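Let's walk through this model together, moving from charged side chains to aromatic rings and then to one of the helices. Please keep the structure open beside you as you read.

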Amino acid sequence: MKCQWCANRKSFCFCHQTCVCSNRFLVQKGIHDAFVEKFAQAIEKELRVGNGFEEGITQGPLINEKAVEKVKRHIEDAVSQGASIVTGGKSHSYGKNFFEPTLLSNVTTGMLCTQEETFGPLAPVIKFNTEEEALAIANSANVGLAGYFYSRDPAQIWRVAEHLEVGMVGINEGMLSSVECPFGGVKQSGLGREGSKYGIDEYLEIKYVCFGGLQ
(Lines give C-alpha, C1' and ligand atoms only; values in the text may rest on other atoms or scores of the structure.)
Protein backbone atom coordinates (compact mmCIF):
# COMPACT_ATOMS: atom_id res chain seq x y z
CA MET A 1 0.00 0.00 0.00
CA LYS A 2 2.93 2.37 0.51
CA CYS A 3 3.57 2.39 -3.25
CA GLN A 4 0.03 3.56 -3.93
CA TRP A 5 0.21 6.15 -1.13
CA CYS A 6 3.48 7.58 -2.44
CA ALA A 7 2.15 7.46 -5.99
CA ASN A 8 -0.76 9.62 -4.87
CA ARG A 9 1.57 12.05 -3.11
CA LYS A 10 4.08 12.29 -5.97
CA SER A 11 1.56 12.59 -8.79
CA PHE A 12 -1.10 14.79 -7.24
CA CYS A 13 0.78 16.96 -4.74
CA PHE A 14 -0.31 20.54 -5.51
CA CYS A 15 -2.24 19.10 -8.47
CA HIS A 16 1.07 17.93 -9.94
CA GLN A 17 2.28 21.51 -10.23
CA THR A 18 5.73 20.99 -8.71
CA CYS A 19 8.96 20.13 -10.52
CA VAL A 20 9.61 16.88 -8.63
CA CYS A 21 6.21 15.30 -9.21
CA SER A 22 6.27 11.93 -10.96
CA ASN A 23 5.41 12.47 -14.61
CA ARG A 24 5.45 8.77 -15.52
CA PHE A 25 4.85 5.58 -13.54
CA LEU A 26 6.72 2.49 -14.72
CA VAL A 27 5.17 -0.67 -13.27
CA GLN A 28 6.47 -4.23 -13.76
CA LYS A 29 3.98 -6.37 -15.67
CA GLY A 30 3.67 -8.92 -12.86
CA ILE A 31 2.03 -6.39 -10.54
CA HIS A 32 0.76 -3.90 -13.12
CA ASP A 33 -2.95 -4.72 -13.05
CA ALA A 34 -3.13 -4.91 -9.24
CA PHE A 35 -1.19 -1.65 -8.92
CA VAL A 36 -3.48 0.22 -11.32
CA GLU A 37 -6.57 -1.07 -9.53
CA LYS A 38 -5.31 -0.03 -6.08
CA PHE A 39 -3.99 3.30 -7.39
CA ALA A 40 -7.41 4.10 -8.84
CA GLN A 41 -9.09 3.19 -5.55
CA ALA A 42 -6.68 5.43 -3.65
CA ILE A 43 -7.35 8.36 -6.00
CA GLU A 44 -11.11 8.02 -5.71
CA LYS A 45 -11.02 7.56 -1.93
CA GLU A 46 -8.38 10.07 -0.84
CA LEU A 47 -8.45 12.95 -3.32
CA ARG A 48 -11.06 15.70 -3.12
CA VAL A 49 -11.26 18.62 -5.56
CA GLY A 50 -12.48 22.02 -4.37
CA ASN A 51 -11.65 25.14 -2.39
CA GLY A 52 -8.33 24.58 -0.68
CA PHE A 53 -9.43 26.59 2.35
CA GLU A 54 -12.13 24.02 3.12
CA GLU A 55 -11.44 21.04 5.34
CA GLY A 56 -10.87 17.76 3.56
CA ILE A 57 -9.98 19.27 0.18
CA THR A 58 -6.75 17.91 -1.31
CA GLN A 59 -6.88 19.23 -4.89
CA GLY A 60 -7.21 22.88 -5.82
CA PRO A 61 -7.12 24.64 -9.20
CA LEU A 62 -4.48 24.63 -11.89
CA ILE A 63 -2.62 27.90 -12.38
CA ASN A 64 -4.57 28.97 -15.49
CA GLU A 65 -6.71 27.79 -18.39
CA LYS A 66 -3.68 27.00 -20.54
CA ALA A 67 -2.56 24.48 -17.91
CA VAL A 68 -5.98 22.81 -18.08
CA GLU A 69 -5.80 22.70 -21.88
CA LYS A 70 -2.39 20.99 -21.70
CA VAL A 71 -3.76 18.27 -19.43
CA LYS A 72 -6.67 17.74 -21.83
CA ARG A 73 -4.31 17.63 -24.82
CA HIS A 74 -2.12 15.00 -23.18
CA ILE A 75 -5.12 12.85 -22.30
CA GLU A 76 -6.67 13.15 -25.76
CA ASP A 77 -3.36 12.28 -27.41
CA ALA A 78 -2.87 9.25 -25.17
CA VAL A 79 -6.41 7.94 -25.67
CA SER A 80 -6.13 8.39 -29.45
CA GLN A 81 -3.09 6.09 -29.34
CA GLY A 82 -4.71 3.38 -27.24
CA ALA A 83 -4.44 4.52 -23.61
CA SER A 84 -7.36 3.90 -21.25
CA ILE A 85 -8.80 6.33 -18.72
CA VAL A 86 -9.08 4.39 -15.47
CA THR A 87 -10.50 7.27 -13.44
CA GLY A 88 -11.00 11.00 -13.96
CA GLY A 89 -10.27 12.36 -17.40
CA LYS A 90 -12.32 15.55 -17.57
CA SER A 91 -12.75 19.06 -16.19
CA HIS A 92 -14.25 19.29 -12.72
CA SER A 93 -17.60 20.97 -12.16
CA TYR A 94 -16.10 23.19 -9.43
CA GLY A 95 -14.64 25.64 -11.96
CA LYS A 96 -12.85 26.15 -15.27
CA ASN A 97 -9.35 25.77 -13.75
CA PHE A 98 -10.21 22.58 -11.88
CA PHE A 99 -9.52 19.14 -13.34
CA GLU A 100 -10.26 15.65 -12.07
CA PRO A 101 -7.27 13.61 -10.85
CA THR A 102 -6.73 11.27 -13.78
CA LEU A 103 -5.13 7.84 -14.10
CA LEU A 104 -4.19 6.40 -17.50
CA SER A 105 -3.21 2.81 -18.26
CA ASN A 106 -1.98 1.15 -21.46
CA VAL A 107 0.38 4.07 -21.92
CA THR A 108 3.28 3.83 -24.36
CA THR A 109 6.42 5.89 -24.78
CA GLY A 110 5.23 7.58 -27.98
CA MET A 111 2.52 9.54 -26.18
CA LEU A 112 2.91 13.21 -25.28
CA CYS A 113 2.29 12.56 -21.59
CA THR A 114 5.50 10.51 -21.47
CA GLN A 115 7.57 13.02 -23.43
CA GLU A 116 6.46 16.34 -21.95
CA GLU A 117 5.91 17.48 -18.38
CA THR A 118 2.16 17.71 -17.91
CA PHE A 119 2.18 19.89 -14.77
CA GLY A 120 -1.37 18.83 -14.03
CA PRO A 121 -3.23 16.03 -12.19
CA LEU A 122 -2.38 13.22 -14.58
CA ALA A 123 -0.72 9.88 -13.79
CA PRO A 124 0.23 7.77 -16.84
CA VAL A 125 1.22 4.15 -16.11
CA ILE A 126 3.65 2.34 -18.42
CA LYS A 127 4.03 -1.44 -18.19
CA PHE A 128 7.55 -2.88 -18.41
CA ASN A 129 9.08 -6.33 -18.22
CA THR A 130 12.77 -6.15 -17.24
CA GLU A 131 14.93 -3.79 -15.21
CA GLU A 132 16.90 -2.92 -18.34
CA GLU A 133 13.73 -1.97 -20.17
CA ALA A 134 12.59 0.25 -17.31
CA LEU A 135 15.93 2.06 -17.21
CA ALA A 136 15.85 2.61 -20.96
CA ILE A 137 12.38 4.16 -20.73
CA ALA A 138 13.30 6.30 -17.74
CA ASN A 139 16.51 7.57 -19.30
CA SER A 140 14.94 8.34 -22.67
CA ALA A 141 13.73 11.71 -21.35
CA ASN A 142 15.72 14.84 -22.16
CA VAL A 143 15.29 16.02 -18.56
CA GLY A 144 16.55 14.46 -15.35
CA LEU A 145 15.61 16.19 -12.12
CA ALA A 146 14.37 13.35 -9.91
CA GLY A 147 13.51 9.68 -10.15
CA TYR A 148 11.92 7.25 -7.70
CA PHE A 149 11.78 3.47 -7.46
CA TYR A 150 10.90 0.68 -5.05
CA SER A 151 13.12 -2.28 -4.23
CA ARG A 152 14.23 -4.39 -1.27
CA ASP A 153 17.29 -5.79 -3.03
CA PRO A 154 20.43 -3.85 -1.95
CA ALA A 155 22.33 -4.82 -5.10
CA GLN A 156 19.47 -3.70 -7.31
CA ILE A 157 19.05 -0.48 -5.35
CA TRP A 158 22.64 0.60 -5.92
CA ARG A 159 22.64 -0.59 -9.53
CA VAL A 160 19.45 1.23 -10.54
CA ALA A 161 20.28 4.37 -8.57
CA GLU A 162 23.64 4.58 -10.35
CA HIS A 163 22.16 4.07 -13.81
CA LEU A 164 19.23 6.48 -13.50
CA GLU A 165 20.12 9.70 -15.34
CA VAL A 166 18.73 12.10 -12.76
CA GLY A 167 20.16 14.43 -10.15
CA MET A 168 18.13 13.04 -7.23
CA VAL A 169 16.88 9.54 -6.49
CA GLY A 170 14.20 8.50 -4.01
CA ILE A 171 14.36 4.83 -3.00
CA ASN A 172 11.19 3.52 -1.37
CA GLU A 173 10.50 7.18 -0.59
CA GLY A 174 8.70 9.88 -2.50
CA MET A 175 9.49 12.96 -0.44
CA LEU A 176 13.19 13.61 -0.96
CA SER A 177 13.58 17.39 -0.73
CA SER A 178 15.27 18.99 2.28
CA VAL A 179 17.62 21.91 2.90
CA GLU A 180 20.45 19.52 3.78
CA CYS A 181 20.39 17.83 0.39
CA PRO A 182 21.78 19.05 -2.96
CA PHE A 183 18.67 19.84 -5.06
CA GLY A 184 19.19 19.80 -8.81
CA GLY A 185 19.19 17.74 -11.97
CA VAL A 186 20.99 16.77 -15.15
CA LYS A 187 20.35 17.08 -18.89
CA GLN A 188 17.79 19.84 -19.62
CA SER A 189 16.87 20.05 -15.93
CA GLY A 190 19.75 22.50 -15.51
CA LEU A 191 23.15 22.89 -13.94
CA GLY A 192 24.26 23.43 -10.35
CA ARG A 193 22.64 22.61 -7.03
CA GLU A 194 20.60 24.34 -4.36
CA GLY A 195 20.89 23.40 -0.70
CA SER A 196 23.62 21.53 1.16
CA LYS A 197 27.26 22.64 1.06
CA TYR A 198 27.14 22.45 -2.74
CA GLY A 199 24.46 25.12 -2.88
CA ILE A 200 26.98 27.91 -2.28
CA ASP A 201 29.33 26.83 -5.10
CA GLU A 202 27.74 29.26 -7.57
CA TYR A 203 28.49 32.14 -5.18
CA LEU A 204 32.19 31.31 -4.80
CA GLU A 205 35.19 32.24 -6.93
CA ILE A 206 37.98 29.70 -7.32
CA LYS A 207 41.52 31.09 -7.19
CA TYR A 208 44.50 29.10 -8.41
CA VAL A 209 47.91 30.09 -6.95
CA CYS A 210 51.06 28.67 -8.54
CA PHE A 211 54.28 28.99 -6.47
CA GLY A 212 57.72 29.14 -8.06
CA GLY A 213 61.20 30.66 -7.59
CA LEU A 214 61.28 30.46 -3.80
CA GLN A 215 65.01 29.67 -3.67
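Lys90 and Glu100 meet through their side chains in a salt bridge, with 3.3 Å from N to O; the term stands for a side-chain nitrogen of Lys or Arg within 4 Å of a carboxyl oxygen of Asp or Glu. Lys90 lies in the loop between strand 2 and strand 3, and so does Glu100, so the pair ties together parts that are 10 residues apart in sequence. Strands here are DSSP runs of E with at least two residues, while helices are runs of H or I with at least four, both numbered from the N terminus. Glu100 is buried, at a relative accessible area of 16%. Buried means under 20% relative accessible area, exposed means over 50%, and partly exposed is what falls in between, using a 1.4 Å probe and protein chains only.

Before going on, a word on where these values come from. This is a predicted model, in which local features need pLDDT of at least 70 and side-chain atom pairs count only at pLDDT 80 or more, whereas totals for chains, interfaces and linings use all residues. Residues are numbered from 1 along each chain as its sequence is written, and side-chain values use heavy atoms, with hydrogens and water left out.

Side chains of opposite charge can pair when their charged atoms come close. How many salt bridges does a search of the whole structure find? The search gives 5. One of them joins the side chains of Glu65 and Lys96, at 3.2 Å from N to O. This pair links distant parts of the chain, with Glu65 in helix 3 (residues 65-80) and Lys96 in the loop between strand 2 (84-87) and strand 3 (102-107), 31 residues apart. Glu65 counts as partly exposed at 45% relative accessibility, and Lys96 counts as exposed at 61%.

Another salt bridge holds Arg159 and Glu131, whose closest N and O atoms are 2.7 Å apart. Here too distant parts of the chain are linked: Arg159 belongs to helix 6 (residues 154-163) and Glu131 to helix 5 (residues 131-138), 28 residues apart. With 34% relative accessibility, Arg159 counts as partly exposed, whereas Glu131 is buried at 18%.

Now turn to the rings. The structure holds 4 aromatic pairs; rings of Phe, Tyr and Trp (its six-membered ring) pair if their centres lie within 6.5 Å, and planes under 30 degrees apart count as stacked, over 60 as edge-to-face and the rest as tilted. Phe12 and Phe39 form a tilted pair, 6.4 Å centre to centre with 55° between the planes. Phe12 sits in helix 1 (residues 2-12) and Phe39 in helix 2, 27 residues apart, so to speak across distant parts of the chain. Both Phe12 and Phe39 are buried. Phe25 and Phe39 have ring centres 5.4 Å apart and planes at 65°, so this pair is edge-to-face. Phe25 lies in strand 1 (residues 25-28) and Phe39 in helix 2, so the pair ties together parts that are 14 residues apart in sequence. Phe25 counts as buried at 10% relative accessibility, as does Phe39 at 0%. Phe12, Phe25, Phe35 and Phe39 form one aromatic cluster.

Let us end with helix 2. Which of its residues are buried? They are His32, Phe35, Val36, Phe39, Ala40, Ala42 and Ile43.
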